[in-house]
Amino acid sequence: NLITIYSTTSGNTAPDGPPGGNGPFMASFHAKILQPGLEIKDALQEVRKELGENGNQVPVDKSLLVTKFYFAGEIEKVVVETPLGGGTAVGSSVAAGGGTQVCGE
């Protein structure tokens, strides 16, 4: 996997941040990549949208990603089987007559 990210399009200059701080691109990108479950391509789309609303800076990426990539990890899906009708859930939800709830989506 390989991805190169430029803070703005060719021929444009990305604005600087405050002294000792990050510019708009890095501030936004850093906040997004810390969110568990947010894949890098989705994070970049959110950054582009945020920067587009606050000016005309458009980040560009060149990607050779072949799998999804998460800086803060994926969110695990937890399946909880609950009984329908007050019984105890045993085995699969179909065999036990229970319902299945998926958490984390």
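Mentor: We begin with a term: a residue is buried when its relative accessible area is under 20%, exposed when over 50%, and partly exposed in between (1.4 Å probe, protein chains only). Helices (H or I, at least four residues) and strands (E, at least two) are DSSP runs, numbered from the N terminus. The model is predicted, so numbering runs from 1 along each chain as its sequence is written, local features need pLDDT of at least 70, side-chain atom pairs count only at pLDDT 80 or more, and totals for chains, interfaces and linings use all residues. Side-chain values use heavy atoms, with hydrogens and water left out.

Trainee: Which residues of H1 are buried?
Mentor: In H1 the buried residues are Phe-25, Ser-28, Phe-29, Lys-32 and Ile-33.

Trainee: What puts them on the same side of H1?
Mentor: The arc is taken from the directions that run from the helix axis to the C-beta atoms. These residues cover an arc of only 125° around the axis, and therefore they lie on the same side of H1. Their cover includes S1 and H2.

Trainee: Why is Phe-29 called buried?
Mentor: Its relative accessible area is 7%, so Phe-29 counts as buried. Phe-25, with 10%, is buried as well.

Trainee: What makes the pair of Phe-25 and Phe-29 stacked?
Mentor: Rings of Phe, Tyr and Trp (its six-membered ring) pair if their centres lie within 6.5 Å; planes under 30 degrees apart count as stacked, over 60 as edge-to-face and the rest as tilted. The search of the whole structure gives 3 aromatic pairs. In one of them, Phe-25 and Phe-29 have 5.5 Å from centre to centre and 10° between the planes, and the pair is stacked. Both residues belong to helix H1 and are 4 residues apart, about one turn of the helix.

Trainee: Why is the pair of Phe-29 and Phe-71 called edge-to-face?
Mentor: With Phe-29 buried at 7%, its ring centre is 6.2 Å from that of Phe-71 and the planes stand at 90°, so this pair is edge-to-face. The pair links distant parts of the chain, since Phe-29 is in helix H1 and Phe-71 in the loop between S2 and strand S3 (78-82), 42 residues apart. Phe-71 has a relative accessible area of 45% and is therefore partly exposed. Ring pairs join Phe-25, Phe-29, Phe-69 and Phe-71 into a cluster.

Trainee: How do you know that Glu-50 and Lys-32 form a salt bridge?
Mentor: A salt bridge requires a side-chain nitrogen of Lys or Arg within 4 Å of a carboxyl oxygen of Asp or Glu. For Glu-50 and Lys-32 the N to O distance is 2.7 Å, and the side chains meet in a salt bridge. This pair links distant parts of the chain, with Glu-50 in helix H2 (residues 40-53) and Lys-32 in helix H1, 18 residues apart. Lys-32 is buried because its relative accessible area is 10%, whereas Glu-50, at 28%, is partly exposed.

Trainee: What makes Lys-41, Arg-48 and Asp-61 a network?
Mentor: Salt bridges link these residues. Asp-61 meets Lys-41 at 2.7 Å, N to O. Asp-61 lies in strand S2 (residues 60-63) and Lys-41 in helix H2, so the pair ties together parts that are 20 residues apart in sequence. Asp-61 also meets Arg-48, at 2.4 Å, N to O. By this rule there are 3 salt bridges.

Trainee: Is Asp-61 buried or exposed?
Mentor: Its relative accessibility is 17%, so Asp-61 counts as buried. Lys-41, at 33%, counts as partly exposed, and Arg-48, at 26%, is also partly exposed.

Trainee: Why is Thr-8 called buried?
Mentor: Thr-8 has 11% relative accessibility and therefore counts as buried. Thr-8 is found in the loop between strand S1 (3-6) and helix H1 (24-33).

Trainee: Where does pLDDT stay under 50?
Mentor: pLDDT, the predictor's confidence in each residue, runs from 0 to 100. Over residues 91-105 pLDDT stays under 50. Where pLDDT is low, the predicted coordinates should not be read in detail. The chain average is 82, and 80% of the residues score at least 70.

Methods. Contact means heavy atoms within 4.5 Å.
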